[in-house]
Amino acid sequence: MFDSLRRQQLIDELHVNDFRRLSLDKLTYKNEIYSMTSLFDGEEIFYIGKIELSLQDNLYSFDILICIYDLTLISLPSVYLISPIDSILKLPVPHITPKTDLKIQERELHTICYAFADDITIPRYNSKELVKFIISQTKKTLIDVIDSTSLKNNLNAEIEPMWVCLSNRQKSVLSAKNFGLFPSENKKVIDFNIISDGSNARLNGKLVYVSSDCQVPAFSIFLKPDFTVISLNHFFLWIKKWDISAHDVLLKALKKFKEFEKHFFFGFYYNGAILYFSIKLDSPTINRIMSLKDLKKIQFNGNQNLGFSRGIPIDLNNMVNRNLQDLTYKKSLKELRILQVGCGSIGGYLVDTLFKVGAMNGEKSQLTLVDSDYLKTDNLGRHFLGSSYLGLNKAEALKTHLEINYKKYLINEKLNINFKDSNIENIDKSFFDDFDLIIDATGKLEVAQYLNEIVNVQPKEKQIPILHLWIFANGECVQAFWNDSKILSNNGGCHHCLTTLWDTDPKYYYPLKETSREATIRVSRPCSNYTPYSVSSSLNVVGLAIEILLAWKANNLNKNYFTSYAPTSLTYHNDDLKKEVYKQANCLICK
């Protein structure tokens, strides 16, 4: 019902904007009439029209094909440029790529990337706004590649997706490899290394750093409008115009190249992207290279098996920072020395999440895990780890998990993680002096009290913060307490201050109304018991912990008592709950 109604509304709106229906007998897919192919389902909308725009007193007109394949409009409609005029668009340019398998009566089509679906909310119920958006964004995209200033900026910003399009047409013999070593502004040239079997493998060639200040030249220097290469000579000229120093490195590397039976690789590290190519030289070219003292005058025959690909940089800093950029907290947890006590249903999820916000990464960073318990079958229902780790110490198993899944990809980085198979009370107290932060992920009151005592016997200037995490009762809420006397204008309370307030002032500090910790359901087992709660509680308290840590690193932590309620416990919410715990005058620990 919605699809048929939406289809008619879209058609009506396209008519309003002077688009007309395209006869499908004029549309071919891979030289076959589109309506005769398996792609055709009869519901597609193909409408053709003109888009006119004015730029610097010039009027431009383009023939456009709008194709709506998905009537649910979960995906954006496609827009194609029909037989673009070379004098107006010096193809290839950013955002416009050849659609070689689709034609209108032998007229070439080029796809226009006019928007990213993730960046917009598609007005699925407003056909007028949708068609208006498609046309306005298409105009903006065309202006960006016609205007010379905008085109220069787009070339710099869009070189990576253009390189991907290029690699789809002429693939390198070595496609889409991971890289763990990168050149830099200080070390601009390195050997061409890829990650193979968890280590760096050196290939023939070089990888060079290209400054973001280097203007990317027009791709039309070496590419035809259909993204085929004119010649290797033209490509080398394009490199020279982009970065003459990179061009010089390329020629010197070629001159030293002796293993002619193998491929030669060369790549550019530009704005965090790795763009590389490969060539396989023929005999006449090899002979010319060997005879010439200076390769600046060398001329190549044809393309010499030229192929392109994009490398994948494996850099933990970039992985982490890309997710934190432009947020109110911008600093990762890199360079912190963290002690995590407890690797169970809270600690297991926490370790993996800490890695993804930068912990364990950096010259000075360190994560030390402490837990004496071993993973049992009973734990599998809500522990982060799976059955392959049964029987192992939980701290050791988490260290192994991180190394198996991440360390082999961090060729440039260190994964600094240690563990202790021990009860916390059996560790020498001097051990705790070597950390910047303690995370108590045990959820046990006794451990929280003990860690609180250890920290508070130190002089105030040497005291380090403790983040206590726990699941309250049977998961009705999860809580965290930032145990740091320096917070709240150097008047922050300790964990003992909080538990004292639970008893003396429950109205403002106890999280659940009309219930108590003693009312918690516990299941008895031979020589043990456990507290039932859903794995969602573990995930909730870990999410709360990460938000607190990132706020702390951004100097944006202004309270120390945190609570997150489960939706199923609405009747027990304490709406009067305070968010600050100040130092209590009668506290036995932080007096």
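1. Cys590 is buried, at 11% relative accessibility (buried means under 20% relative accessible area, exposed over 50%, partly exposed in between, with a 1.4 Å probe and protein chains only). Its sulfur lies 3.5 Å from the closest cysteine sulfur, that of Cys497, too far for a bond. Cys494 is also buried, at 1%, and the closest cysteine sulfur to its own, in Cys587, is 3.5 Å away, again too far for a bond. With a disulfide taken as a pair of cysteine sulfur atoms within 2.5 Å, the count is 0 disulfides.

2. This is a predicted model: local features need pLDDT of at least 70, side-chain atom pairs count only at pLDDT 80 or more, and totals for chains, interfaces and linings use all residues. Residues are numbered from 1 along each chain as its sequence is written, and side-chain values use heavy atoms, with hydrogens and water left out.

3. The largest nonpolar core has 79 residues (a set of buried Ala, Val, Leu, Ile, Met, Phe, Trp, Tyr and Cys residues joined through side-chain atoms within 4.5 Å). Helix H2 (residues 127–146) contributes the most to this core, with 8 residues (helices, H or I of at least four residues, and strands, E of at least two, are DSSP runs numbered from the N terminus). At least three residues come from each of domain 1 (1–145) and domain 2 (159–313); the bounds come from an automatic or database domain assignment.

4. Which residues have the most contacts inside the largest core? They are Phe235, Phe236, Trp238, Phe268 and Phe277. Leaving aside neighbours within four places in sequence, Phe277 is in contact (heavy atoms within 4.5 Å) with residues including Phe264, Leu306 and Phe308. Apart from this core lies another, of 51 residues, among them Leu336, Leu369, Val542 and Ala545.

5. There are 15 salt bridges (a side-chain nitrogen of Lys or Arg within 4 Å of a carboxyl oxygen of Asp or Glu). Asp63 and Arg107 form one, with the closest N and O atoms 3.1 Å apart. This pair links distant parts of the chain, strand E5 (residues 58–68) and strand E8 (residues 107–112), 44 residues apart. Asp63 is partly exposed at 22%, as is Arg107 at 31%. Lys50 joins Asp63 and Arg107 in a network of salt bridges.

6. Lys399 and Glu403 also pair, at 2.7 Å from N to O. Both lie in helix H10 (residues 394–405), 4 residues apart, about one turn of the helix. Lys399 is buried, at 18%, whereas Glu403 is partly exposed, at 27%.
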